[in-house]
Amino acid sequence: MSQSALTSIEAFARAKLAELSAHSLQRTLVATRRSGVRAERAGRNLISFCDNDYLGLSQHPAVRRAAAQAALNHGVGAGGSRLVAGEHPLYRVLETRLAGRKRMPAARVFGSGYLANLGTIPVLAGSGDLIVMDERAHACMHAGARLSGAEVRRFRHNDARDAARQLSGRAADRRALLLTETVFSMDGDLAPLRELGELADESGAWLMTDDAHGFGVVERDNPAPLQMGTLSKAVGGYGGYVCGPAALIELLASRARSLVYTTALPPPVLAAALAALDVMDTEPSRGQRAIAHARRFAMSAGLMEPQSPIVPVIIGDAERALRASEALRAHGLLVPAIRPPTVAEGSARLRVSFSAAHRTVDVERLAQALARWRREEGR
Ligand SMILES: *Cc1c(COP(=O)(O)O)cnc(C)c1O
């Protein structure tokens, strides 16, 4: 191994890290054990408001049992790509189930939500085409759009009229894809799906929605013919999916590179998703519980009524957001500070997410601790 190359890479990375750190933008990985909404970190027990496990299904006994049984029956790895090694029969079962729940013609499961967007968008649009997306759409939609080689334009957040302007005047033979999230990951607000659906119809664009934070929690009528989502949030496990017309779903197996050239999900992951969907069907009120917690918290904190289990507490400055997060941690509450580039410059925040697994006392403790921090900071 070349010593000088090691040294120069080390120096390069150190300089990058110092730059991030100077702007309070360095991120670190912290060992944390989860058990429901309890988190153990550095020997301390905390209540977590960090997870996207909105229904608490990552810890559900029936889901755990299904995964454990699948590991015992089928092993822990898929052995290869679905296309080369052949796919586990649970894939077909899960895809049929997802399509049914979403009331869509067909579904394709991917390794994650990120991989679903990364693989699907370039199948739908390419060089010469146009992608018009909400400016706050998730990083993986941006990544898929850039990878596609299409021209990418952003519209003002949730502004269908601005989206219309971006779509207008394009040549008739140019395909256009209109992208948004159903529930925005960092703001918790909802996209105007009906308006965007109408716009897509009028302008001949294809609407594709990212339902990562909606599925199982905030389920609305959705006119989009292309609906992706994840199995890693409310479903509690791991994986992603895309729903759409049957021929497109078929095409993804040939053309979506993030499906073709990657190893299939392990059987326990597929079994866990199916068991979680069972719980979602039999206990449909879990999502309402998470939203009720969010509303209770927002009310005590004097924030706008949330539409989802995600409540942003906007702080502004990145360093201050980190301080707020630390102050809450000192009270035994784990709430992440979200900084640029995940959110816009000057809009650093606490992102509080609620789960059906929280208790009302947890929610009240958080509201009180936040109020104390605000008093101490003099605002
Ligand atoms: C989390 C998230 C994804 C990625 O899903 P994973 O399964 O975690 O890869 C995609 N889109 C949005 C909006 C998300 O919040």
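What order do the strands of the open sheet of four take? The order is 1-2-3-12, with mixed pairing. The model is predicted: local features need pLDDT of at least 70, side-chain atom pairs count only at pLDDT 80 or more, and totals for chains, interfaces and linings use all residues. Residues are numbered from 1 along each chain as its sequence is written, and side-chain values use heavy atoms, with hydrogens and water left out.

**Sheet**
- The edge strands, strand 1 (33-35) and strand 12 (333-334), each pair on one side only.
- Strands are DSSP runs of E with at least two residues, and helices are runs of H or I with at least four, numbered from the N terminus.
- Two strands pair if DSSP finds at least two bridges between them.
- Strand 1 and strand 2 (residues 38-41) run antiparallel, joined by three bridges.
- R34 stands opposite A39 in strand 2.

**Ligand**
- The ligand is surrounded by 14 residues (a heavy atom within 4 Å).
- The closest are D210, H213, T230, S232 and K233.
- An oxygen atom of the ligand lies 2.5 Å from a polar side-chain atom of H213.
- For T230, a polar side-chain atom lies 2.7 Å from a ligand oxygen atom.
- A side-chain N or O atom of K233 is 2.6 Å from an oxygen atom of the ligand.
- The protein buries 87% of the 380 Å² that the ligand exposes when taken alone (Shrake-Rupley method, 1.4 Å probe).

Definitions and conventions:
Polar contact = N/O pair within 3.5 Å; in protein donor to acceptor, adjacent residues only side chain to side chain.
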